[in-house]
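Open the model in your viewer and keep the sequence panel beside it. Each stop below gives you something to select and tells you what is there.

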Amino acid sequence: RQLQTRWRHILVDEGQDLMMPKYLDVLDTILKSGLIRGTWRVFLDQNQDIFKGSSLTAMNRLMVGHPALARLTVNCRNTAPIAVATSLLSGVPGETTLVESGPAVEHHWYSDDGEARHLVSKSVNQLILEGLGPEQIVILSGHRLERSCIAEGLLGGRQRVEVWEGPNYRQ
C-alpha cells in the first residue's frame, strides 16, 4: 500500500535507540526523498547505547547520505559531580562539563522496596526542609507509580506524589 503523506524533514534525538535496519526502513519510507537524498538530523551518543543495539549496518546506511558529523566535547547536561559519579558507576570515561559546580552526589543503596520507600521519603522531606517546593522536586523511576516503592505514598510527610506524563496528559 502506498504511503499518502511523507515528511519533508525528520529530526531524531537519542538516535542510538533507532540504529537498526528495520527502524531505518521506516524512516526511509516516511521521509520525502528517503534517507539518501532527504533532509534529516539524527543526534546520538554511543555512550548511551546501553543495550548495545546499534547496528554497524544501520550506521553505514546513514553514512551513505554523507551527513555532516559533529562531536560534542562538553557535557552540557550535568554538573561536574554528576558527570564524575556517572563515569565511576558506569565505567565510561568522563567528559568535560559546562557547569563546573553543583551539589555532591549522594548514593543510597537499599535491599527492598520498604527500604527504598524510606530513603526516597527521607530525601524528599529533607529537600522540602531545605526550602524547595514540592513542584521543584522530580522523582524518576523505571516503574509506573503503582508499581514503584512509593505506590502508597511518601512516609513522614504530607506531600502527595503526582504523575506527570507530559504537557498534554490528562488524568
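Start by selecting helix α4, residues 80-90. Its buried residues are A80, A83, A85 and S87. Buried means under 20% relative accessible area, exposed over 50%, and partly exposed in between, with a 1.4 Å probe and protein chains only. Helices are DSSP runs of H or I with at least four residues, strands are runs of E with at least two, and both are numbered from the N terminus. Now step just past α4 to G91. This glycine takes a positive phi of about 85°.

A word on the source. This is a predicted model, in which local features need pLDDT of at least 70, side-chain atom pairs count only at pLDDT 80 or more, and totals for chains, interfaces and linings use all residues. Residues are numbered from 1 along each chain as its sequence is written, and side-chain values use heavy atoms, with hydrogens and water left out.

Next, select E14. Look for it in the loop between β1 (9-12) and α1 (21-30). Is E14 buried or partly exposed? E14 counts as partly exposed because its relative accessibility is 24%.

Move on to S33. It sits in the loop between α1 and α2 (34-37). S33 is not a glycine, yet its phi is positive, at about 75°. With 41% relative accessibility, S33 counts as partly exposed.

Now zoom out and colour by secondary structure. The protein has five helices and four strands. Trace them along the sequence and you read β-α-α-β-α-β-α-β-α.

Show the C-alpha trace alone. Along its principal axes it spans about 60 × 40 × 30 Å. The radius of gyration, taken over C-alpha atoms, is 21 Å. A compact globule of 171 residues would have one near 16 Å, by the rule of 2.2 Å times the number of residues to the power 0.38.

Among contacts with a separation of 6 or more, 51% join residues 24 or more positions apart.

Finish with burial and charge. Buried residues make up 21% of the 171 residues. Select Lys and Arg as positive, Asp and Glu as negative; His and the chain ends are not counted. There are 18 positive and 19 negative side chains. The centres of the two sets lie 12 Å apart, with each charge placed at NZ of Lys, CZ of Arg, CG of Asp or CD of Glu.

Methods. Contact means heavy atoms within 4.5 Å.
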